[in-house]
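Here's a quick briefing to read alongside the model. Keep the sequence and the 3D view open as you go.

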Amino acid sequence: MLNTWNQYQCMATFNLSRSASLFETGIGRGMGFRDSNQDLLGFVHMIPERARARILDIAATQLSDGTCYHQYQPLTKQGNADVGGDFYDDHLWLVLSTTAYVRETGDLSILDEPCGYADVAVPDGQVATSTLLDHLELSFAYTLAMRGPHDLPRSGHADWSVCRHLNCFSTEPNESFQLAGDVEGSQAESVMIAGLFLYAAGEMVRLYEHLERPDDARRMMAGYDDMLAVMETQAWDGEWYTRAFDATGAPVGSQINDEGQIYIESQGWAVLGGAGLTNGRARRALDSVAEHLATENGIVLQQPAYTRYQLELGEITSYPPGVKENAGIFCHNNSWIHLAHCVLGDGDRAFEYYLSVCPSAKQDQIDTYRLEPYVYAQTIDGKDSLTFGQAKNSWLTGTAAWTFVVLSQGILGIKPDYDGLRIDPCIPATWDGFEVTRRFRGSTFQIAVRNPDHVSSGVRETRINGEVHTGTTIPVPDAPSRVSVEVTLG
């Protein structure tokens, strides 16, 4: 899966995003801003020059207020005005794709590339004065500025889960819905965006440190610390992190809810963003995922499933229980839990969860699974569905890129970094080790990882070309060459 099919699917998804599919509406949909940025995470190592061009194309569909056209057309590079800038997570994904590209290639020049805004006209014969780095700064600032009553980021029309609409409510049970002000002024907040912001802010800190701009790094860190404090104060529900607050300020994904008490996304992004790592909450949240959400066919999106339509939550409650956003298994967001376990050093659980959605592990239930056994599906019906384990919508899904990140960077622990290739595995304790050939910035790294003590994580010794090396980051040679790396866990 890792050597061939996962990367093949990443290539197909990069080429088409969601703009052409047997499952979608063809070219009318266009390229997704959020989708395309995430697809790049599994593609930047393949054809970096194409990844570079794509990042600049995507950035140019950002608006000057910090929001983005949610979709754009690949031929014209124009954003879809009817699907405007009201998804308040979109802009943050640009930080992840850009920093992934720079860490892979070492190409800092992309940050200075002129890159205009979709709503700012550039006179003929001139180039935009704003740069890609300006776009990243704007994305950071927008989330800090657009916060709701709990000081958490506002969600806008919706965050990653596009079927959860928290800005509609009814004043009486039988009355038509009312919008809580215009979307820009809405009060609904997203805990998932808070976690995503923490992750993006951490990436900005490390980028500015690499650029030797300590004042900017400290400024990013101040924003990170502010949001982390808010998340720990406002979003912890006792056993897990809430998912959101709706337009009336009521929590979503809380123990006080009758249905939808716990959601997967906020647990994964809280841990990936660094929440709960010093106070035990990260472990407690992932234990709650295991207790309430995990199944043999993947981790469901929430529990309990919704059994009736609820206007204040929107489309998510219109699906049958166990299907798609209503307690279905989104393989895409499963990967965030896999990576969260890698953060905690739990390789056994990370790999167990990965196998639960891995298509090549479905041979014994293929009559139920019913999709190709070599490419990832978008969703699998959850335990509340009459067709539990049936997969839907293969090929063009963010699952492809994120599972490649899980396997290559999370479990095998081979992570491109600004100063070299960092090797810090998180594997099942039963593994004796593994060997990998990794091409990186013109050199070929022959990596052998040994696990004599049968641990999941922790590097005891690293050798480069036979010589003991301090630290886990392998520097890139001045000239292209072959580098032998031996890593012993313990």
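This is a predicted model: local features need pLDDT of at least 70, side-chain atom pairs count only at pLDDT 80 or more; totals for chains, interfaces and linings use all residues.

The largest nonpolar core takes in 125 residues, and the structure holds one cavity of 30 Å³ or more.

**The nonpolar core**
- Within the largest nonpolar core, the residues with the most contacts are Trp-93, Tyr-241, Trp-269, Trp-402 and Ile-447.
- Helix 6 (residues 191-210) supplies the largest share of this core, with 13 residues.
- As background, nonpolar side chains in soluble globular proteins tend to be buried together.
- Take Trp-93 as a way in: leaving aside neighbours within four places in sequence, its contacts include the tryptophans Trp-160, Trp-269, Trp-336 and Trp-402.
- Met-192 and Leu-196 also contact Trp-93, as do Arg-34, Asn-37 and Gln-38.

**Helix 2**
- How many of the eight residues of helix 2 are buried? Eight of the eight are, so helix 2 is largely enclosed by the rest of the structure.
- That buried set runs Phe-33, Arg-34, Asp-35, Ser-36, Asn-37, Gln-38, Asp-39 and Leu-40.
- Arg-34, Asn-37 and Gln-38 from this set turn up again as contacts of Trp-93.

**Helix 3**
- Helix 3 (residues 48-59) is twelve residues long and spans 17 Å from its first C-alpha to its last, close to the 16 Å expected at 1.5 Å a residue.
- Its buried residues are Ala-51, Arg-52, Arg-54, Ile-55, Leu-56, Ile-58 and Ala-59.
- What do the buried residues of helix 3 pack against? Their partners are helix 1 (5-16), helix 2 (33-40), helix 4 (90-105) and helix 5 (132-145), along with strand 1 (31-32) and strand 2 (71-72).

**The cavity**
- The largest cavity has a volume of about 30 Å³.
- Lining this cavity are Ser-155, Ala-158, Asp-159, Arg-164, Leu-166, Glu-189, Ser-190 and Ala-244.
- By type, the lining splits into three nonpolar, two polar and three charged residues.

**Thr-472**
- Look for Thr-472 in the loop between strand 20 (467-469) and strand 21 (473-474).
- Is Thr-472 buried or partly exposed? Its relative accessible area is 25%, and the cut-off for buried is under 20%, so Thr-472 counts as partly exposed.
- Not counting residues up to four places away in sequence, Thr-472 touches Leu-421, Arg-422, Ile-423 and Val-459.
- Phe-245 sits 227 residues from Thr-472 in sequence and 41 Å away in space, C-alpha to C-alpha.

Methods
Residues are numbered from 1 along each chain as its sequence is written. Side-chain values use heavy atoms; hydrogens and water are left out. A nonpolar core is a set of buried Ala, Val, Leu, Ile, Met, Phe, Trp, Tyr and Cys residues joined through side-chain atoms within 4.5 Å. Buried means under 20% relative accessible area, exposed over 50%, partly exposed in between (1.4 Å probe, protein chains only). Helices (H or I, at least four residues) and strands (E, at least two) are DSSP runs, numbered from the N terminus. Contact means heavy atoms within 4.5 Å. The expected span of a helix is 1.5 Å times one less than its number of residues. On a 1 Å grid over the protein atoms alone, a cavity is a set of points where a 1.4 Å probe fits but cannot get out, and a pocket is an open set with protein on both sides within 12 Å along at least five of seven lines; lining residues have an atom within 4 Å of a point. Grid points are joined across faces, edges and corners, and a volume is the space filled by probe spheres set on the points. Ala, Val, Leu, Ile, Met, Phe, Trp, Tyr, Cys and Pro count as nonpolar, Asp, Glu, Lys and Arg as charged, and the others, Gly among them, as polar.
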